[in-house]
Amino acid sequence: MIDYLPGLLVLRMAALAACVVFASGALNVAAAEVAVGPKAKNFKLANGMDVVVIPDRRAPVVTHMVWYRVGSADEAPGSSGIAHFLEHLMFKGTEKIPPGEFSKIIAANGGQDNAFTSQDATAYFQRVSKENLPLVMEIEADRMANLRLDEKSVLTERDVILEERRSRVDNDPSSILNEQLMAALYQSHPYGIPVIGWRHEIAELDRSDALSFYSKYYAPNNAILVVAGDVDADEVKALAEKTYAKVKKNGKITTRARPKEPPHQAGVRLTLEDPRAGKATLQRLYIAPSYASAKEGEAEALDMLMKIAASGTTSRLYKKLVVEQKKAASAGGWFSGTGLDSGRLGFAIVVGGKTPIEDVERAMDDVIEEIKDKGVTQKELDRAREAYIADLVYSSDSQTRLAQRYGWAMATGRSVEAVEAWPERLKKVTVEDVNKVARTYFDLKQSATGYLLPTEKKATKSADDTRNGKS
Amino acid sequence: MSALVTPRHHAGIGRVRRALSYWVRNSTLALAIVALTAALSPANAMKIQVVTSPGGITAWLVEAHEVPLIAMRFAFEGGSVQDPKDKNGVAYFVSGMLDEGAGELNSVAFQERLEETATRMNFDATRDVFIGNFQTLTKNAGESFELLRLALNEPRFDQDAVDRIRQQILAGLEFDSNDPENVAAREWYKLAFADHPYALPVKGTKETVGAIGADNLKSYAKRVFARDTLKVAVVGDIDAETLAKVLDEVFGGLPESGDLTSVPEAKPPVGPQEKLVEMNIPQSVAQFGHSAFKRDDDDFIASYMLNYILGGGGFSSRLMEEVREKRGLAYSVYSYVHPYERAAIYAGNVATKSDAIGTSLDVIRGEIGRMAESGPSKEELQKAKQYLTGSYALRFDTNSKIASQLIWIQLQNLGLDYIDKRNDLINAVSLDDVKRVAKRLLKADGLIITIVGKPESSPKKPVRG
């Protein structure tokens, strides 16, 4: 198998979707044959900040993350991109940290840092040797409350983000298709708005937008500290008392309530034609519950369903479309289960040879219909479950992935206990549970299907102007 | 190991979900390159055992029993440079075929066995070497290693699977041909290495991949998978005695020696050379660079440190400071040094809206020139040392990362004690050394530059006509 082709990037994405699973999954494979590391400890500071500590003593290294319970889906209408923009601006400095020095301080201490924004959460993280944990806790706590922004650096950073949008979306037709598909899928809920924001709205964002978003959402009682690595809970607690505990809580933080998505009366279809498309590709998304929004057991069943149906080379979709019928160059699918308000079932297929894309879609629908009609088998379910439990063990080799699993769950309203009960809950999933969620959520009315089709290339040519020697 | 270092650009759908759910502040690419090209040093006292099997196969082993996992990494000499003439892409094709059926198991059966045993197995071809990555859970180790043995010793290369993987590679090439970073890199290697096999893309081209048959794949496997060039690193829940047996089981059946074509040294890439590939996209992408020092050059470590300060150190680098932080011209700008076996390169990448790509390149050229002229400051060098020595431990915090470090050290012949020496080597580099190396390495007027996009203004050195 070629594992970095676009289609199989879908597998990679399925791997990413699997991360999502892990995010909701547990560290300890409790009843399995393998015991993986000690369990996480969690507690709350007096100002409401949650703390999770995951000891991993193998190397003298720690991963330190602060998660805020805010993401792009919390933005006010017309200000799309502000959550992500603020995330960039958080590196611009405070009274104590000069502009642009945050990452340099981490690096000068042998550490690495970064941050990311999603629809529901924003996280900042550093990987450092254990003796530098007090330092990163001090400066991360400092910027929770003391951000300083000057007009000029805000505008320069806005240009950076516009370049980021060009790199990630505008230069890549399949990203554009995905953006369009998400926008079409959500009729009311803000998950339809891209995390990076719409270009025309990003272009209007300014310093005061950033600061008001910051003061509204960045507070200890809206944050989770996750530390994984060569520490124990007592050490982290002592350090947190000296740093994060000193930050004042924000009494106005409330539970997040976004516009609700109505039941859809019709499925959506769209086609994007682009000379840069390469091969014709098909994507489909269905709205489904997430771990945070599902009835008990449903999200676990959806994980199993998508693993059996479409994730990996042993899935029904890959075997049927790629191996047997040869209609697709690659085919994959995933369950995105980490959202606060809802999740998605996704499929992506790269058309093979000259097969008409409509035939490929029909073949995919046959696979889906067969599962709805006849269900999955016990053997398939057992194999899917074993694969996910094994994934969990593999992911416990990485303290960053451990930290993400807990952070993501806590940021979307789930508990440490829920994370750690995941393997047990996975074990309870029955064939009938899987069949039931298949019948319920493979509903075309709640879906959006997109085609990306290559058109004749006119603009792309290689200018034969290679020049050697001095000019 | 080089392809692990060569930035991999995912086209097509791959970007979709990353774009969707995950906006990372700084593309981690540059950091990944730092981590992989690195010269290394100690951090964390870790016992490396050299295990030699009864059959004479040697592996480096770090026992780690905390997690019930075993990670193995191995490499054979001979990556895409061993592709037959006109069959460019064979090594890469083989890397996609080894889990597509072996022994009595056809593709589907083999992959089901992999899944049932939770075996992780993938292969990769770089320009210089063919690499295997393998992980298993301790409880399944016996069966997993047997699958690995089959994959290496008895790959089937069934026509059906060959056709399927060919289709996947061709689809990938199609996406790559529309991905500006990928096109910029391909064109850059063509200019840099002219007639040498390094000029050819590891994945091959539409034409060459179309012409590759099962016999080419079989013959590559036979020529390259041999014990004389094999390097193995193992980390995890296994002891030396067990590993010795495993080594013979998995690799003992391979031929004693391979049948490699001799590949000459490459001429060091020199510029100025410039090429524009027009593509109708809103943001243009450029790759720039020239020759650098090979791993056995006495100045390699100093050149690596110099690059950290210039373009490898993320937000601590001058390129990031000048292009992104001060001017907002790009989201991602970085450079790296990469030693291949038969040449070495200094190279970098930037993406800027089309009407300002010329400005970005002017700024980059200016920074390269300034660095060549006066070198870094004392403070910059000190901070580089602090980062490079302090972050070394971060490369050793998972089993698979340790295995990856160990195989790299073996491939570069750096020696068993390298991990212990590495930070001292970094600390021993003086400001004068780096200044001298800056002059020796960097040629602002000798860059090979490829630009993909629709630049509306030309840089000072016009790229067109």
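Two strands count as paired if DSSP finds at least two bridges between them. In this predicted model, β4(A) and β5(A) are joined by six bridges and run antiparallel. One of the links is between N114(A) and its bridge partner in β5(A), F125(A). Strand β4 of chain A covers residues 112–117. This strand is mostly covered, as five of its six residues are buried.

The domain assignment divides chain A into domain 1 (48–246) and domain 2 (268–454). Their C-alpha centres lie 28 Å apart. Across the boundary, 28 residues of domain 1 of chain A are in contact with 27 residues of domain 2 of chain A. Several elements of chain A each supply at least two residues of the domain 1 side: β2 (50–55), β3 (61–68), β5 (122–129), α6 and β6 (223–229). The largest share, nine residues, comes from α6(A). By class, this side of domain 1 of chain A has 16 nonpolar, seven polar and five charged residues.

Helix α6 of chain A runs over residues 173–185. At 1.5 Å a residue, its 13 residues should span 18 Å. The end C-alpha atoms are 18 Å apart, which agrees. Of the 13 residues of α6(A), 11 are buried, so the helix is largely enclosed by the rest of the structure. Among the buried residues are P173(A), S174(A), S175(A) and I176(A). The buried set also includes N178(A), E179(A), Q180(A) and L185(A).

Terms used: Residues are numbered from 1 along each chain as its sequence is written. Chains are lettered from A and ligands numbered from 1 in the order in which they are written. This is a predicted model: local features need pLDDT of at least 70, side-chain atom pairs count only at pLDDT 80 or more; totals for chains, interfaces and linings use all residues. Helices (H or I, at least four residues) and strands (E, at least two) are DSSP runs, numbered from the N terminus. The expected span of a helix is 1.5 Å times one less than its number of residues. A residue is buried if 20 or more other C-beta atoms lie within 10 Å of its own, exposed if 12 or fewer, and partly exposed in between; C-beta atoms are placed from the backbone. Domain bounds come from an automatic or database domain assignment. Two residues are in contact if their C-beta atoms, placed from the backbone, lie within 7 Å. Ala, Val, Leu, Ile, Met, Phe, Trp, Tyr, Cys and Pro count as nonpolar, Asp, Glu, Lys and Arg as charged, and the others, Gly among them, as polar.
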